[in-house]
There are 2 protein chains.
Amino acid sequence: MFEHMNNIPLLDHDSKTPLHQQAEDQLRRLIRENHFREGDPFPKETDLARRWGISRNTLRQAIGSLVKDGLLERKKRAGTTVRKKKITTDLSSWLSFTHEMEDKGIPFKDLCHTVELKKAGKETARKLQIPAGEKVVTLERIRSTGKNPMVYFESFFHPRIGLTGKENYKRPLYELLDEEFHIIPVYSQEEIRAVAASEKIAALLKITPGTPVLERKRVVLDAGRKPVEYNICYYRSDWFTYSIEIKRPL
Amino acid sequence: MFEHMNNIPLLDHDSKTPLHQQAEDQLRRLIRENHFREGDPFPKETDLARRWGISRNTLRQAIGSLVKDGLLERKKRAGTTVRKKKITTDLSSWLSFTHEMEDKGIPFKDLCHTVELKKAGKETARKLQIPAGEKVVTLERIRSTGKNPMVYFESFFHPRIGLTGKENYKRPLYELLDEEFHIIPVYSQEEIRAVAASEKIAALLKITPGTPVLERKRVVLDAGRKPVEYNICYYRSDWFTYSIEIKRPL
DNA sequence: ATTTTTAATATGTTTGAACATATGAACAAT
DNA sequence: ATTGTTCATATGTTCAAACATATTAAAAAT
């Protein structure tokens with residue numbers, strides 16, 4: 001696409017934001033907007049550095065960050081390319097309810113599914129680290145196996161991602177975020193409690209109020225520990241066990 | 001600890017592995033082995049670079065990587081410090097209830113504490129991958145904050161570890177396993193449900209039967225995925241929230 | 001005593017330059 | 001045809017040097 005890469009936007013050398021940051025942002029955008037066919041070679045470091053009027057070192061700082069985030073791949077002689085194999089497969093057993101259920105061979109479907117633009121409440125704002133009242137794309141879902149509702153959840157997405165609310169939320173969520181927005185979740189901070197089902201939750205899950213349900217609140221972060229999603233989730237515990245495997249890092 | 005940091009090992013300038021890589025490895029090791037008290041300042045970049053005979057740039061490359069991985073924190077004037085909140089990295093706050101509570105500044109004590117040699121039940125045997133009926137060291141505990149029981153749990157230890165039942169189980173468990181038996185837990189497979197407190201559990205936790213409690217069953221595995229411990233655990237959810245941070249495996 | 005100013009300092013940014021290294025491709029030898 | 005050699009090239013490593021910037025702590029002014 002950028003055979004003559006005169007189309008690549010320039011950087012603002014007078015801006016207060018560092019050049020390597022600008023370069024990184026630009027590259028992220030270019031990749032996100034699919035200006036590089038995946039697997040396609042990037043412009044050479046020397047060329048791109050010259051184009052942007054920055055040193056090769058500075059550019060490498062930017063590229064290095066994207067490589068660490070798994071967006072790019074570098075090969076010695078071959079050059080730098082956009083990573084083909086998305087991480088989505090990895091995510092399956094990690095964050096995705098869809099894959100989680102599929103792995104267990106349990107068919108399920110959405111009983112209810114709404115996407116809205118809501119003002120962030122206090123808790124949501126705090127968890128996403130945004131001002132309270134800011135509009136966030138909110139996804140609400142009830143999922144079931146057979147005809148029994150199994151889980152109710154509400155997700156709030158950080159504005160910086162750029163979700164419009166018009167995306168196809170039927171597909172696995174983290175596949176969407178990865179492929180369309182190049183957002184790759186890395187951390188998940190989870191708070192889990194057993195609570196008695198409130199009137200509202202009980203109605204949604206078609207159980208009697210007071211029944212124990214599993215409440216999970218989680219904040220999903222990217223590699224830079226920037227919040228991606230805040231998610232509140234109630235599982236019917238009579239049908240569902242929350243299973244995770246944790247590996248000690250290092 | 002490293003007031004005169006002549007104790008920090010040098011780098012091998014003749015090695016084929018890049019210096020920034022060596023530096024990164026060294027730093028990882030030093031952090032892992034707790035040579036820096038958490039929150040403690042790192043040596044200054046200039047000093048450490050001089051000590052290792054590398055340029056500040058090269059050192060920064062190494063540090064930058066650790067920062068991206070969330071092990072270090074950098075502040076402009078203040079210097080670089082080891083991240084305090086290391087839920088994922090630190091073993092203590094990873095599996096240990098003791099440290100978990102201490103980190104939150106909540107004092108607690110054992111209300112009840114028994115160690116026995118029991119025959120493994122069917123479930124326990126399956127999880128520990130041993131024949132049912134084999135004798136296993138079993139630890140039973142009720143722990144509380146103030147006078148309210150908070151958690152009841154039962155732990156079964158794999159026979160190969162060689163526990164006699166006479167060890168000092170008052171100290172943090174994984175400290176004991178590590179130091180005395182060189183068992184290092186690496187994986188934790190957890191199954192979490194919300195259940196209504198049974199008569200037995202309710203009595204132990206001094207709550208009314210039927211109250212929602214958090215049930216966690218977990219199998220702890222070592223690096224070779226051999227079972228170390230099977231643990232069943234009931235938390236009073238009105239007092240306790242189960243918090244974890246999960247990091248995506250590479 | 002409190003606020004303001006100033007200076008010191010550790011990290012942050014950026015450059016240009018030099019050399020190392022892996023690898024694909026062209027070429028040569030078997 | 002297969003193997004080996006050479007060469008060009010894009011990324012990889014490392015350095016020294018300079019200046020920017022945020023923040024703490026000391027000094028000065030109120």
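How much accessible surface does chain A have, and what share of it belongs to carbon and sulfur atoms? The accessible surface comes to about 12,400 Å², and carbon and sulfur atoms hold 50% of it. The model is predicted.

Chain A contains eight helices and nine strands. Further values for this chain follow.

| Property of chain A | Value |
|---|---|
| Residues counted as buried, of 250 residues | 50% |
| Contacts joining residues at least 24 apart, among those at least 6 apart in sequence | 59% |

**Cores**

In soluble globular proteins, nonpolar side chains tend to be buried together. Here the largest nonpolar core has 24 residues. A:Leu214, A:Tyr242, B:Ile192 and B:Leu214 have the most contacts inside this core. Elements of both chains give two or more residues to it: β5 (148–157), β6 (185–196), β8 (227–236) and β9 (242–247) of chain A, and β5 (148–157), β6 (185–196), β8 (227–236) and β9 (242–247) of chain B. Another core lies apart from this one and has 23 residues, including A:Ala125, A:Ile142, A:Tyr187 and A:Val219.

Leaving out residues up to four places away in sequence, A:Tyr242 touches residues of both chains. Among them are A:Leu214, A:Arg216 and A:Tyr235, along with B:Glu190, B:Glu191 and B:Ile192.

**Local features**

B:Arg218 sits in strand β7 (residues 212–222) of chain B. Its relative accessible area is 5%, so B:Arg218 is buried. The side chain of B:Arg218 makes a polar contact of 3.1 Å with that of B:Glu190.

In chain A, helix α7 spans residues 173–181. Its buried residues include A:Leu173, A:Tyr174, A:Asp178 and A:Phe181. A:His182 follows α7(A) and has a positive phi, near 55°.

Methods. Residues numbered from 1 in each chain as written. Chains lettered and ligands numbered in written order. Predicted model: local features only at pLDDT ≥ 70, side-chain atom pairs only at ≥ 80, totals over all residues. Heavy atoms only, no water. Helix = DSSP H or I, 4+ residues; strand = E, 2+ residues; numbered from the N terminus. Buried < 20%, exposed > 50% of the residue type's maximum accessible area, 1.4 Å probe, protein only. Polar contact = N/O pair within 3.5 Å; in protein donor to acceptor, adjacent residues only side chain to side chain. Core = buried A, V, L, I, M, F, W, Y, C linked by side-chain atoms within 4.5 Å. Contact = heavy atoms within 4.5 Å. Areas by Shrake-Rupley, 256 points an atom, 1.4 Å probe, with all protein chains shown as cover.
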